[in-house]
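Please keep the structure open while you read.

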Amino acid sequence: MSKIGIFVGTVYGNSLAVAESAQEILEQQGHEVTIFDEPTLSDWQQYNAGEGIALVITSSTGQGDLPDTIAPLFYEIQDVVGYQPELRYGVIALGDSSYDNFCGAGTRFDELLTEQSGMRIGDVLLIDAMEDDVPEEYAKPWIQSWGELL
């Protein structure tokens, strides 16, 4: 099966709860999973050379901004890494649709990785805090399906 790194951007812990749920489901499917709750560029580089798969799970802050736990990684990927044609990845974005830039952080991550020639597996999952009180429960069917695509 696959080696998966889960890269978490969180403020209040909801993204981490989704990541822990994802780890459980993906490990049951036979994947090897590691969660990075304060991911670094060296963590990322273990997964971007075709040797693993990156799953970005991030909430948005303010007006669609990146949480402090993942912002440094985003900017290092943008400024240092560049072209990543062997990258395979997925994105789960948490947000609140009452804000203009709904799921902005996850959307920005997806756009950056697409720009750098990464190959997204499946669709981006958008989780709306206005609709879903327990994001880790809402994400379970998507995670199950995503894991089966690997």
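The points below go from the whole chain to single residues.

1. Ground rules. This is a predicted model: local features need pLDDT of at least 70, side-chain atom pairs count only at pLDDT 80 or more, and totals for chains, interfaces and linings use all residues. Residues are numbered from 1 along each chain as its sequence is written, and side-chain values use heavy atoms, with hydrogens and water left out.

2. Fold. The chain holds five helices and six strands. Both are DSSP runs numbered from the N terminus: helices are H or I with at least four residues, strands are E with at least two. In sequence order the pattern is β-α-β-α-β-α-β-α-β-β-α. The radius of gyration is 14 Å, close to the 15 Å that the globule rule gives for 150 residues, so the chain is as compact as a globular protein of that length. That radius is taken over C-alpha atoms, and the rule is 2.2 Å times the number of residues to the power 0.38. The C-alpha trace spans about 40 × 35 × 25 Å along its principal axes.

3. Packing and surface. Of the 150 residues, 48% are buried. Buried means under 20% relative accessible area, exposed over 50%, and partly exposed in between (1.4 Å probe, protein chains only). Take the contacts between residues at least 6 apart in sequence: 81% of them join residues at least 24 apart. A contact here means heavy atoms within 4.5 Å. The accessible surface is about 7,100 Å², with 44% belonging to carbon and sulfur atoms. Areas come from the Shrake-Rupley method with a 1.4 Å probe; for residues, only the protein chains shown count as cover.

4. Charge. Please note the count: 5 positive and 26 negative side chains, with the centres of the two sets 7 Å apart. Lys and Arg count as positive, Asp and Glu as negative; His and the chain ends are not counted. Each charge is placed at NZ of Lys, CZ of Arg, CG of Asp or CD of Glu.

5. Salt bridges. How many salt bridges does a search of the whole structure find? There are two. The criterion is a side-chain nitrogen of Lys or Arg within 4 Å of a carboxyl oxygen of Asp or Glu. In one, Arg120 pairs with Asp110, the closest N and O atoms being 2.8 Å apart. Arg120 is in strand S5 and Asp110 in helix H4, so this pair ties together parts that are ten residues apart in sequence. Asp110 is buried at 11% relative accessible area, while Arg120 is partly exposed at 32%.

6. Glu137 pairs with Lys140, with the closest N and O atoms 3.0 Å apart. Both lie in helix H5, three residues apart, about one turn of the helix. An α-helix has 3.6 residues a turn, so residues three or four places apart point the same way. Glu137 is partly exposed at 44%, as is Lys140 at 32%.

7. Asp132. This one deserves a look. Asp132 sits in the loop between strand S6 (125-128) and helix H5 (135-149). Asp132 is buried yet has no salt bridge; the nearest side chain of opposite charge is Lys140, 14 Å away. Leaving aside residues up to four places away in sequence, Asp132 touches Ile127 and Tyr138.

8. Helix H3. Which residues of helix H3 (residues 71-81) are buried? They are Ala71, Leu73, Phe74, Ile77 and Val81. Their cover includes strand S1 (3-9), helix H2 (41-45) and helix H4 (104-115). Just after H3, Gly82 has a positive phi of about 70 degrees.

9. Cys103 is not a glycine, yet its phi is positive at about 55 degrees. Cys103 lies in the loop between strand S4 (88-95) and H4, and is buried at 1% relative accessibility. Ser117 also has a positive phi, near 70 degrees, without being a glycine. Ser117 is in the loop between H4 and strand S5 (119-120), and is partly exposed at 34%.

10. Exposed helix positions. Glu115 lies in helix H4 and is exposed at 67% relative accessibility. Pro141 lies in helix H5 and is exposed at 54%.
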